[in-house]
Amino acid sequence: SGSDREAAIHDLRSQVEALEADRLTTQKTIQRVQFEITRRRIVAPVSGKFGEVAILRSGAYVAEGEKLGTIIPSGELRVIADFPPPSALGRIHPGQPAHLRLQGFPWTQFGSVPTHVTSVAGEVRDGYVRVELAVDRSVNSIPLQHGLPGTVEVQVENVTPAALLLRAAGQMIATPKTPFARQAQ
């Protein structure tokens with residue numbers, strides 16, 4: 001009969017609507033679970049070798065953004081130096097020659113490692129300006145590796161001894177004398 005067919009069609013439509021609602025709910029649940037999985041995934045920003053790794057016990061809680069280790073990227077070894085702002089800003093520029101003296105290799109015996117400035121940070125971070133240098137490997141005889149501490153000297157200008165003497169004399173003349181300084185003379 002016609003009313004039985006209409007009742008069956010109505011039941012089928014109700015089942016289709018219920019299944020569609022279940023499908024949408026399941027789809028949202030899958031998206032939420034995928035988001036939670038990506039939040040808990042540990043991803044390194046670069047490829048390379050581990051330089052240091054945090055010691056964690058099984059079941060330890062790791063906060064989002066917590067540092068778990070250091071990765072040393074593959075490629076050319078770079079020298080990173082921190083300079084006080086007055087020494088670096090406006091004075092150190094890419095291309096300037098520099099020398100690295102390593103603490104584990106006395107420079108009187110091993111010499112220094114020739115480098116050149118590749119980049120200078122434009123802002124101060126933690127009270128210092130970061131300067132990156134590339135190693136000029138053609139002359140280097142020291143076995144270089146990540147983590148060697150040392151001191152960097154950047155050549156900021158070439159000045160003759162006479163120019164230095166004139167500069168110092170000019171600074172002495174330009175310095176105003178205070179009444180206290182006159183009494184001390």
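The largest pocket has a volume of about 1000 Å³. The model is predicted.

Student: Which residues are closest to the centre of the largest pocket?
Tutor: Leu 77, Arg 78, Val 79, Ile 80 and His 146. They belong to a lining of 36 residues.

Student: What makes a residue part of a lining?
Tutor: A lining residue has an atom within 4 Å of a point of the pocket. For the largest pocket, 36 residues line the space.

Student: Which strand gives the most to the lining of the largest pocket?
Tutor: β3 does, with five residues. β3 spans 78-83. At least two residues each come from β1 (48-53), β2 (69-73), β3, β4 (97-102), β6 (129-135) and β7 (150-154).

Student: How do the residues of that lining divide?
Tutor: Into 18 nonpolar, nine polar and nine charged.

Student: Why does Arg count as charged, and Leu as nonpolar?
Tutor: The classes go by residue type: Asp, Glu, Lys and Arg are charged, while Leu is on the nonpolar list. Arg 78 and Leu 77 both line the largest pocket.

Student: How much space lies in the second largest pocket?
Tutor: About 780 Å³. Its lining has 23 residues, and the closest to the centre are Ile 42, Val 43, Val 62, Glu 66 and Leu 68.

Student: Which strand gives the most there?
Tutor: β2, with three residues. β1 and β2 each supply at least two.

Student: What classes make up the lining of the second largest pocket?
Tutor: 14 nonpolar, three polar and six charged residues. Glu is on the charged list, so Glu 66 counts as charged.

How values were computed: Residues are numbered from 1 along each chain as its sequence is written. This is a predicted model: local features need pLDDT of at least 70, side-chain atom pairs count only at pLDDT 80 or more; totals for chains, interfaces and linings use all residues. Side-chain values use heavy atoms; hydrogens and water are left out. On a 1 Å grid over the protein atoms alone, a cavity is a set of points where a 1.4 Å probe fits but cannot get out, and a pocket is an open set with protein on both sides within 12 Å along at least five of seven lines; lining residues have an atom within 4 Å of a point. Grid points are joined across faces, edges and corners, and a volume is the space filled by probe spheres set on the points. Helices (H or I, at least four residues) and strands (E, at least two) are DSSP runs, numbered from the N terminus.
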